Amino acid sequence: MTQKALAGKVGVTRQTIMAIENAKYSPTLELAFQIAAVFGKNLDEIFKYDP
């Protein structure tokens with residue numbers, strides 16, 4: 001899936017998806033759940049927290 005396609009599915013810009021991928025931006029909890037849902041995965045399968 002392209003960044004543009006994912007962005008369209010969750011209602012953000014491609015630049016937002018790119019920033020999340022590059023760890024320059026942390027998504028809101030709602031956006032994180034939406035992204036996980038697009039891929040049919042649990043939140044912890046898509047996002048990892050490393051304190």
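1. The buried residues of helix 3 (residues 29-39) are L31, A32, I35 and A36. Buried here denotes under 20% relative accessible area, exposed over 50%, and partly exposed in between, with a 1.4 Å probe and protein chains only. Helices are DSSP runs of H or I with at least four residues, numbered from the N terminus. Viewed down the axis of helix 3, the buried residues fall within an arc of 135 degrees, so they line one face of the helix. The arc is that of the directions from the helix axis to the C-beta atoms.

2. The model is predicted: local features need pLDDT of at least 70 and side-chain atom pairs count only at pLDDT 80 or more, whereas totals for chains, interfaces and linings use all residues. Residues are numbered from 1 along each chain as its sequence is written, and side-chain values use heavy atoms, with hydrogens and water left out.

3. On the other side of helix 3, the exposed residues are L29, E30 and A37. The cover over the buried residues of helix 3 includes helix 1 (3-10), helix 2 (14-21) and helix 4 (43-46). Contact, as used throughout this note, means heavy atoms within 4.5 Å. Just after helix 3, G40 adopts a positive phi of about 65 degrees.

4. Within helix 3, A36 deserves a separate entry. A36 is buried, with a relative accessible area of 2%. Leaving aside neighbours within four places in sequence, A36 is in contact with K41, N42, L43 and I46. A36 and R14, 22 residues apart in sequence, are 16 Å apart in space, C-alpha to C-alpha.

5. Helix 1 may be described in a similar manner. Its buried residues are L6, A7 and V10. These residues cover an arc of only 100 degrees around the axis, which puts them on the same side of helix 1. On the other side of helix 1, K4, G8 and K9 are exposed. Helix 2 and helix 3 are among the elements that cover the buried residues of helix 1. Just after helix 1, G11 takes a positive phi of about 80 degrees.

6. The largest nonpolar core has seven residues, namely L6, A7, V10, I17, I20, L31 and I35. A nonpolar core is a set of buried Ala, Val, Leu, Ile, Met, Phe, Trp, Tyr and Cys residues joined through side-chain atoms within 4.5 Å. Helix 1, helix 2 and helix 3 are the elements that give two or more residues to this core. The largest share, three residues, comes from helix 1. As for I20, its contacts beyond four places in sequence are Y25, P27, L31, I35 and F47.

7. Q3 is placed in helix 1 and is partly exposed, with a relative accessible area of 22%. M18 lies in helix 2 and counts as partly exposed at 31% relative accessibility. Not counting residues up to four places away in sequence, Q3 touches R14, I17, M18 and E21. The C-alpha atoms of Q3 and Y25, 22 residues apart along the chain, are separated by 15 Å.

8. A23 lies in the loop between helix 2 and helix 3. A23 has a positive phi of about 60 degrees although it is not a glycine. Most residues other than glycine have a negative phi. A23 is exposed, with a relative accessible area of 68%.

9. At the surface, M1, F39 and I46 form a nonpolar patch with about 290 Å² of accessible area together. Patches are made of residues with over 30% relative accessible area and no salt bridge; like charges are joined within 9 Å, and nonpolar side chains (Val, Leu, Ile, Met, Phe, Trp, Tyr) within 5 Å. A salt bridge is a side-chain nitrogen of Lys or Arg within 4 Å of a carboxyl oxygen of Asp or Glu. Accessible areas come from the Shrake-Rupley method with a 1.4 Å probe, and for residues only the protein chains shown count as cover.

10. I46, a member of that patch, lies in helix 4. I46 is partly exposed, with a relative accessible area of 31%. Leaving aside neighbours within four places in sequence, I46 is in contact with I35, A36, F39 and K41. I46 and K9 are 37 residues apart in sequence and 16 Å apart in space, C-alpha to C-alpha.
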